[in-house]
Amino acid sequence: MSQPPQPGEPEGQVPGSGTPQGQPYQQPYPQSYPQQQGWYGPPQPPPSNKTGLWVGLGVLGLVVVVAVVAITGFVTPGFFLSDSKSDGAVASPSSSSAPTSSMPETAPSSSVRIPADRVPVPKRTTPLADPSECAYPASTRGEVPKKATPPASGPTPASGTTAVTIKTTVGDIGLTLDSALAPCTVANFLSLARQGYYDSTPCHRLATSGLQMLQCGDPAGTGTGGPGYTVPDELFPEIKYGRGILAMAKTQAPNSGGSQFFMVFGDAELPPEYTVFGSISDAGLQVLDKVARGGVDESQGVGDGTGAPRIPVTFQSVAIG
């Protein structure tokens, strides 16, 4: 589904039932990164003003270089004649191919900058009723690669925390789920974990620039899959995203979350439209940092700079407690 992060369920973004909604909110940036239909996940924020400034300076520099080269070519006969050795190097297929498996797994994106400080887990100014009422209606969109039984509807505890450990192929990721933030979402995650829904599922979407998150939870690994039912949005104005935050992915439709969620390991300037339901342990963040520095395979993305992680991440099991 979709993403933390069109992220995501960022059910991530990339795919299944869509992108967020929430409190009345003024979008801080234009919708320049539309999601695919049925895709879950948070949008990829647009380039900052600094990016535009550097692009402008780069263009100016290019004009100067072209002028110098043109003058030199006119004054120095033979300047523009190609060098056979250089041509051979440029034409070599290996010069543009992806890094080979013999390279360090962090080489593709060794320049990824990840903030060191965690952000505080947001708190509700006005606590929810405890217990709170929850319902999980059948989904009318997205794929259902692996159907699950929804949690029981009705009164659900809205207090307390639950420790969870996701065992993955790259290391254990510890989570703390907070029922005071999102009781229905926590109940859903625990229900899916107990059913083994997440076992053997891949994390399909990584974002390392602007929005820094890993999105997981779609058994199909496409970003469009969900469990066959939806989870209500549990939003509040105090929601903030950043390093250490665990949030649900969704489509652009409200109340469209399902099984996809995203783990934020760095920056994430998103509107408060994705349910925050817990936090990530320090050891878990180190695992995510390793995956992030491995880089993004954009060939498996949707054209927004995100894609499957070059270091594959597959959930082996989810232990509660």
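View 1. The model is predicted, so local features need pLDDT of at least 70 and side-chain atom pairs count only at pLDDT 80 or more, while totals for chains, interfaces and linings use all residues. Residues are numbered from 1 along each chain as its sequence is written, and side-chain values use heavy atoms, with hydrogens and water left out. Arg243 sits in the loop between strand E6 (211-216) and strand E7 (245-248), strands being DSSP runs of at least two residues (E) and helices runs of at least four (H or I), numbered from the N terminus. Because its relative accessibility is 8%, Arg243 counts as buried (under 20% relative accessible area, with exposed over 50% and partly exposed in between, for a 1.4 Å probe and protein chains only).

**View 2. Asp233 is placed in the loop between E6 and E7.** Its side chain makes a polar contact of 2.7 Å with the side chain of Lys250, and at 18% relative accessibility Asp233 counts as buried.

**View 3. Helix H3 covers residues 183-194 and is largely enclosed by the rest of the structure, because ten of its twelve residues are buried.** Among these buried residues are Cys184, Phe189 and Leu192. After H3 comes Gly196, with a positive phi near 75 degrees.

How values were computed: Polar contact = N/O pair within 3.5 Å; in protein donor to acceptor, adjacent residues only side chain to side chain. Expected span 1.5 Å × (residues − 1).
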